[in-house]
Amino acid sequence: LQYAEMTQILHVVVVGFHHKKGCQVEYAFPPLPGPADNGDHGLPTEWKSLPSLALPDGAHNVEQDTTYFLLPSLDDPDRAIFGISCFRQIATESLVSKSSDVTRSTVQKSVCVLTRSPLFGVLKAKLQLITQAYFNEKDFSKVSVLSQMHSNLVEMFDGEGADLVGGQAASMDISIRALVKTFRHRVVLLFKLILLEKKVIFHMFPVALLGDSLVGLLSLFPGLLEEGLEYATSTVKEGEEFRGSSTMKKEEEGEKGKGRKGSKELKLEKAEEAVEEKEEKGEEKEEEMKEEGEAEEIEVRDGVPPLPTRPDLPEDPLGRKKDSYGFPLSIFTLGNIFNSYVGLANLEHLTSKRVCGFVVGATNALFLQRKEFFDVVVTLDDEGAGIVDVLSVDLRRILSLTAADLRFADHLIKNVEATEDDGPAFEGGNDWLREQFRVYLLALGASVRSELATAYSDFGTSFVSAWRETVNGRRWMEEGRYEDLVGVQPGHPFAGNLGVYDMMLRVEHSVGGSEQARKALSALSSTGKSLSASGGKMKNNLTSWFRGVTGQASAALSAVTTPPETKQPTPTETPEEK
C-alpha cells in the first residue's frame, strides 16, 4: 500500500482479545503493510502498541466505550497518525458463529480507524454506529460492513468532502462546557499548564471521558488540535539540546533520582559528575565571561529580567502552518509528546531521555503509583470533580492563578451555568468558550511582547518567566513578528483593582469550589450597590462554613498537641481527681 500525502483514511482495523495471546489484530482493510507472516495480520513494528491502545485497560468493565490515540507515521517516524477506536463486548452464547479459540463467556472486540489527520469528533458517532452494526451480525467473520465503511470514509474525506478535514472536525461533538463544569476555575490552570511543556498525566475512567477531556482541552488553543499535533509523537534526536545546558539536565535528573537510588550509586554519580564538570570548566568559563559581557549591554525596561543565553532552536516544523497570529503554537514538538491514551507498556517510552515533556491520558491505576515520573497528576474525585495535583512546590507557585485569572474563570463558569446544555445560545457554548481562551492567549502574547511588567503581571510574573523558557514560548515571542499580533492590546482582559469579591474567588478556588463557598459567593454578589445589606448574611455563611471545615480538624489538633498534664481542671474536679 502506497501512502499518498493526501490520503486521510488509512485503515480500518479490528482488534480482539485472545485469552492466551492478549490483544491482537484480527482484521485490517486495506491489509497492513507489515510482514504477512508475523501472526498479527501484517502489523508493522512501529505500530506494535496499536492492539493495546485500541482495546485499552479496563475495557472489560464497560459494555462499550471509545478511545483516541496517536501512532508514528510509517512515512516519517517524526510525524503522527491518529486513531479512534470503538470497542464493545457481547455474550458468547449470543454468537451465531464462533471460532474454537473462544473460551470465555464474553467476547471483546474493537473497531478502529487510522487517519492521517485528527478526525476524532467527526468520526466518533459514525464509528459507534458501524461497530454496533458489526456486532449485531453476531458473526465476526462478516466484515463487509467494515470494508464498506472504509470506502465511504475515503469518499467523504479524500473526495468531494475533503474540506471536512479542516475546521473543527477533531473536536466536533466534544463538550468544552463539560470540561469547565468538571474543573471550574482549574480549567484556566490546565490551560496555562499545557503552555509550560511539563510531564502531565490525566487519569480518568471511562476512557471516553478521558479522551474527550484531553481533546477538549487542546481545542482551546487555536489551531493546535487541527494543525499542531503533526509532530506530537516525535522525540529529541541524539545530541539535540533546546531546554538548557547539559549540566542543568544532569542536576535535574540527579534530584529526581535521589529518592530511588542507593547511597553508593549516588556517590558514584557525584564523582563522575565532578570529573565531567572539571573537564568542562575551562570551556564553560570562557563562554560565561562572554555571556556576562553581553548581558551588560541588554537594556532592561520596566523591571523585565533579560532572557538567559540558550541553545538556538532548530527550524520550527510547524512554521509553514502558522497563521498571521502565530497559531498554532509549537507546543507538541521537539520531544514534547501528546497522546490521548497510553497503556502501562508506554511508561518506558515516556521516561526516556529523548522525551522532554508530555501530556497523556491513562486508565491504569498503576500509573498513580509512579508519581516520580510526573510533574502534575490530574484525576477526578468520587463526585466527578476535577483534581489537579501539582507535585512540585515551585511549579505550584508558578501555576498559582492571579486575581485576574480567577475573574476570567468565574466569567466562564457563570456563563456556562446560565445556559442550557447544547442550547442554541452562543454565549456560554463551546464555540464561545474557545473564543474566550483565544482572546486570553492573544492578550498573554501581546503583554509579554510588550515587555511591560505592568501588562503581564496579571498573568503571573513567575508564570511568564517560566513560559518564556519553553520551546513554544520562545518561538512565539522571538521568531516571528506576526502582523496581526502586533495590533493586539497588551494587558489581561480581566485586569482591575482588587476587591472583596476577589478574596471570595480566591477562597473558593483554594477549597476546591465547595458548595458552601459558592453559596457565600452568591450571597456576596447579590449585594449590588454595597455590602451593608447582605454583610451579616455573608458573615454568617462564611462563619458556619469555616466552622464546618475546620472544627473537627481543630479539635483533633488540640487533643493531640495538648499534653494531659497541662489541661485545666474543670470546676467540679478535686485535686485528687486532677
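Reply: Two strands pair if DSSP finds at least two bridges between them. The model discussed here is predicted.

Me: Which residue in S4 stands opposite Leu70?
Reply: Strand S3 (residues 64–72) and S4 run antiparallel and are joined by nine bridges. In S4, the residue opposite Leu70 is Phe82.

Me: How many bridges pair S4 with strand S5?
Reply: S5 covers residues 106–115. Gln89 stands opposite Gln108 in S5. The sense of the S4 and S5 pairing is antiparallel, and the number of bridges is 10.

Me: How many of the 12 residues of strand S4 are buried?
Reply: Buried means under 20% relative accessible area. Strand S4 (residues 80–91) is largely enclosed by the rest of the structure, because the buried count among its 12 residues is 11.

Me: Is the pair of Tyr134 and Phe135 stacked or edge-to-face?
Reply: The structure holds 17 aromatic pairs. For Tyr134 and Phe135, the ring centres are 6.3 Å apart and the planes stand at 85°. Planes over 60 degrees apart count as edge-to-face, so the pair of Tyr134 and Phe135 is edge-to-face.

Me: What is the angle between the planes of Tyr325 and Phe327?
Reply: Phe327 counts as buried, at 3% relative accessibility. Tyr325 and Phe327 form a stacked pair, 6.3 Å centre to centre, with an angle between the planes of 20°.

Me: Which ring has Lys192 over its face?
Reply: Lys109 lies over the face of Phe140, 5.0 Å from the ring centre. Lys192 lies 4.4 Å from the centre of the ring in question, which is that of Phe463.

Conventions:
Residues are numbered from 1 along each chain as its sequence is written. This is a predicted model: local features need pLDDT of at least 70, side-chain atom pairs count only at pLDDT 80 or more; totals for chains, interfaces and linings use all residues. Side-chain values use heavy atoms; hydrogens and water are left out. Rings of Phe, Tyr and Trp (its six-membered ring) pair if their centres lie within 6.5 Å; planes under 30 degrees apart count as stacked, over 60 as edge-to-face and the rest as tilted. Buried means under 20% relative accessible area, exposed over 50%, partly exposed in between (1.4 Å probe, protein chains only). A charge sits over a ring if NZ of Lys or CZ of Arg is within 6 Å of the ring centre and within 35 degrees of the ring normal. Helices (H or I, at least four residues) and strands (E, at least two) are DSSP runs, numbered from the N terminus.
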